[in-house]
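Please look over the sequence and the structure below. The report then takes the parts in turn.

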Amino acid sequence: MLLNKNYNISTFYVCGIFSNIKFIRAVGQETLKLLSNELNQYEVYIAKLISDKRYLSGKELTKELVNTFQIKDDNARKIIQRTVVKGILVSSNPLSFGNGQFIYLNPRDGLTLSLVKEVSKKHRPPIYRLLEAIDINDGVISYYEALKIVAAPLEKSSTKVNTLDEIIKELRLMKFIYEKTDSNNIKYILKEESKKEEGKEESLLSAHFSKMVIDGMFLPDILRWLQKSNIIDNYKTIYRNKKTPSIGAKQNNLVWDAFAYTKTTGINSTFGKKADTIEKQTLVVLDVVISRDYSQIDLDGFYNRIQINLNAVKNGRRKILPIIIYKTIAVDVLEKISSLGFIAFDLGSIFGTTIYDVVEKLNILQLKKVAAISDDFNVTIESALTTIRTSGQEDSLKDIRGVLFEFLLYPLLKHYYSSAEILHGKTLSIVKPEGGKENYEYDYIIKSSNPNEILIVELKGYSSLSKIPIGSSDTKNTLSWFFRRTLPFAKRHFQKEIQDTGKKFRGCFITSASFYEDGINFLNGINNGSFKPQNLNAFYDGQSLLKLLEENNYSKVKSTVEKFFIKSERL
């Protein structure tokens, strides 16, 4: 009804706008004092409206006032402002929902996290996706994953798209979330409530880090399969690495799990052999989720990043091929992927259905590295290697086999450095004088006090039929790459620690493969130099590794290495 006179507090009660005494008590003494004053027809109407609707955006509330009272937009906005000042409404300020709009709600309700999630699903989807991602992952999400799901640019651009930092700032001011950096220097976003339970924060970060590693672990093998299938070219393939799971592939101010290019005729508009430059090829972007279900928020974030990329072209049209890789997915999400025309591959369709068992075992290994001395640890590794072999996927899963080899030798390293800090899968970086960063990945970094040394360990879980060349310091997977490039780089990185603690800097190259004759001569020289560890040699090939394991009574580890790496991969 149209109200055209003032109403006092008793009228509110009779009309049922505030129809029970519990509410009047809940609003507090300050609001109760305000309610004792007379309220005009607009304020009565707004109070009743909010009571019925729970909340309205500024635009919606303005429209209601304009339509009901035949007033102008400016007047309606001023009425809303006065109503907030009187405490009849509360505003979501500073958190806005679409086009800078605040929402307005009853003072008794307040702006809760669940309400923000509900409202943002319609009015500000990026915030909804961020909050939903945090809920899906038990109260935590990495900054990198949030960039993907929110579809936020790395740096502020001329578009109206918010950066992730801007969104986080708004939610942090409301005390809904906070940021935390772990020992791996990875930034996470957590619910504020995680601070209340002792030990919960550390547990959440540790478990989530393991999930991130799993998601990055399969990418090299996936990309190799796409290359063999002629879906992508082998030139300029950039991907998220398991050792740096918080760093994605950066392209056009956005992050992707991987991107590559294709000149495959049909996918690419230019005939294959004529697509001899990147400009003539189609960009291929990948979204890969292995550690949990691929969800609607993942798809929405991927779709929005693709749209941002497409819209960034001023002249002509950019060509993009989206590919999604998942382990499990809901039927309705898969149907939406199909309707969008995106390519989607089940991990099992690439590597066989036994890959799911391998994923589960990798999850166990990643979470239980600290208990790696147990027999169960070795059994889990051997079981995963057996599954890969029996499925006929040893060639396709070379990188995963390499990861399992790293896990396999952890107990041996722990034996020699029982009280040392052992870091697995780390990336070291140095800021270059001319700007930018230089960084390299390391399998194991061991900081020991007895012996007093920093040891860098490089592991290569290859077939014994393979030979590792000397190569050059510019060629990856060679002896020179490690001893002449990444090892000296690590020494520069730890220079201050070496000076402060007096630690010696050492390196060790361990492989199940073998070396060429010139490589053995090269390594013997290293072994007689300053890089040799106190209790180990500077290098081990397959046969000397077996001997080392036997001498230290690691018969089960020796048996596994011999069975899956030293002997021919085709028994």
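How many bridges join E15 and strand E16, and are the strands parallel or antiparallel? The pairing of E15 with E16 (residues 452-460) is antiparallel and runs over 6 bridges. This is a predicted model.

## The chain as a whole

The chain has 24 helices and 20 strands. It counts 571 residues, and 51% of them are buried. Take the contacts between residues at least 6 apart in sequence: 63% of them join residues at least 24 apart.

E15 and E16 make a hairpin, with 2 residues between the strands. Ser448 has Glu453 in E16 as its bridge partner. Tyr444 has Val457, also in E16.

E15 (residues 437-449) also pairs with strand E14 (residues 421-431). That pairing is antiparallel too, over 10 bridges. Thr427 faces Glu441 of E15. E14 and E15 again form a hairpin, here with 5 residues between them. In that turn, Gly435 has a positive phi of about 105 degrees.

In general, strands of a sheet pair through backbone hydrogen bonds, either parallel or antiparallel.

Ile422 is part of E14. Is Ile422 buried or exposed? Its relative accessible area is 15%. The cut-off for buried is under 20%, so Ile422 counts as buried.

Its contacts can be listed with residues up to four places away in sequence left out. Ile422 then touches Tyr410, Leu413, Lys414 and Tyr417, along with Tyr444, Ile445 and Ile446. Tyr444 is also the residue whose bridge partner in E16 is Val457. Ile454 is 32 residues from Ile422 along the chain, and their C-alpha atoms are separated by 10.0 Å.

## Two enclosed helices

Helix H9 (residues 143-150) has 8 of its 8 residues buried, so the rest of the structure largely encloses it. The buried residues are Tyr143, Tyr144, Glu145, Ala146, Leu147, Lys148, Ile149 and Val150. Just past the helix, Ala151 takes a positive phi of about 65 degrees.

Helix H18 (residues 398-408) is largely enclosed as well, because 9 of its 11 residues are buried. Those nine are Ile400, Arg401, Gly402, Val403, Leu404, Phe405, Glu406, Phe407 and Leu408.

## H8 against H9

Two packed helices are described by the angle between their axes and the distance between the axes. For helix H8 (residues 125-136) and H9, the axes come within 9 Å and cross at roughly 140 degrees. H8 is therefore oblique to H9. The crossing is right-handed.

Which residues make the contact? H8 brings Pro126, Arg129, Leu130 and Ala133, and H9 brings Ala146, Ile149 and Val150. By class, the contact has 6 nonpolar residues, no polar ones and 1 charged. An α-helix has 3.6 residues a turn, so residues three or four places apart point the same way.

## H11 against H16

At what angle do helix H11 and helix H16 pack? The angle between H11 (residues 200-217) and H16 (residues 355-367) is about 135 degrees, and their axes are 10 Å apart. The two helices are therefore oblique to each other. H11 passes H16 in a right-handed crossing.

On the H11 side, the contact uses Ala207, Phe209, Ser210, Val213, Ile214 and Met217. On the H16 side are Val359, Leu362, Asn363, Gln366 and Leu367. The residues of this contact divide into 8 nonpolar and 3 polar, with no charged residue.

Conventions:
Residues are numbered from 1 along each chain as its sequence is written. This is a predicted model: local features need pLDDT of at least 70, side-chain atom pairs count only at pLDDT 80 or more; totals for chains, interfaces and linings use all residues. Side-chain values use heavy atoms; hydrogens and water are left out. Axes are lines fitted to C-alpha atoms, for helices over the stretch in contact, and angles run from 0 to 180 degrees between N-to-C directions. Helices (H or I, at least four residues) and strands (E, at least two) are DSSP runs, numbered from the N terminus. Angles under 35 degrees count as roughly parallel, over 145 as roughly antiparallel, 65 to 115 as roughly perpendicular and the rest as oblique. A crossing is left-handed if the near helix is turned anticlockwise from the far one by less than a right angle, and right-handed if clockwise. Contact means heavy atoms within 4.5 Å. Ala, Val, Leu, Ile, Met, Phe, Trp, Tyr, Cys and Pro count as nonpolar, Asp, Glu, Lys and Arg as charged, and the others, Gly among them, as polar. Buried means under 20% relative accessible area, exposed over 50%, partly exposed in between (1.4 Å probe, protein chains only). Two strands pair if DSSP finds at least two bridges between them.
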